[in-house]
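Hello,

Here is the structure for you to look through. My notes on it follow below.

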Amino acid sequence: MSAPNSDGLNNRFNSYQNGSPPGQTFADQQTGVLSDTVKTHYQAEASANAVMTQLATQRQQLQGANDNVHDMRQATEETRQNLQDLRSKYQQKKNKLYRLIAFMALLDLAFSSESSNVTAASSAGAEDPLSKDGSTSRCMLNYGRDHSFRTTSILYENVMTAKAPRLL
């Protein structure tokens with residue numbers, strides 16, 4: 001067994017203080033340690049500056065991305081408003097067509113009842129107030145009724161078969 005103050009234990013404690021190469025003084029050793037410390041400090045400062053530069057670049061990129069997102073949200077809101085306006089205009093035009101169809105249908109009914117009155121009056125021998133022989137007004141009323149009916153039918157079919165544009 002070895003003694004408590006054997007060479008192995010003393011080696012562990014003496015390695016830091018007595019590890020200097022022969023021929024160097026304490027001042028030379030401390031100068032070397034100090035120069036290593038300054039060198040490490042400059043390297044750490046250079047690394048910190050590089051990290052700061054990278055962080056500043058990333059911050060600018062994030063701010064640019066934030067600005068882009070803000071612009072996109074504004075564009076989306078404007079588009080949503082435009083789509084609402086288009087939907088409203090489409091509905092107004094559709095309602096206008098429905099009113100036009102109803103008006104044409106009323107005209108058709110009015111002309112058909114007037115035409116039947118003129119036909120009944122001319123068959124009864126009454127004189128047509130619009131023409132001397134009665135044929136011109138009857139022909140015009142029949143044309144008006146048929147034309148009105150066809151126009152109303154076409155308008156109704158166009159409105160009923162038209163599909164609304166798909167809006168959000």
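Tyr 42 lies in helix 2, which covers residues 26-123. Helices here are DSSP runs of H or I with at least four residues, strands are runs of E with at least two, and both are numbered from the N terminus. Tyr 42 is exposed, with a relative accessible area of 54%. Exposed means over 50% relative accessible area, buried means under 20%, and partly exposed is in between (1.4 Å probe, protein chains only).

Before going on, a word on the source. This is a predicted model: local features need pLDDT of at least 70, side-chain atom pairs count only at pLDDT 80 or more, and totals for chains, interfaces and linings use all residues. Residues are numbered from 1 along each chain as its sequence is written, and side-chain values use heavy atoms, without hydrogens and water.

Now the surface. Areas come from the Shrake-Rupley method with a 1.4 Å probe; for residues, only the protein chains shown count as cover.

Next, the charges. Side chains of opposite charge can pair when their charged atoms come close. The structure holds one salt bridge, meaning a side-chain nitrogen of Lys or Arg within 4 Å of a carboxyl oxygen of Asp or Glu. Arg 80 forms a salt bridge with Glu 77, and their closest N and O atoms are 3.1 Å apart. Both lie in helix 2, three residues apart, which is about one turn of the helix. Arg 80 is partly exposed at 47% relative accessible area. Glu 77 is partly exposed too, at 43%.

Finally, the whole chain. It has three helices and zero strands, running α-α-α from the N terminus. Of its 168 residues, 9% are buried. Its accessible surface comes to about 14,200 Å², and 58% of that belongs to carbon and sulfur atoms.

Best wishes
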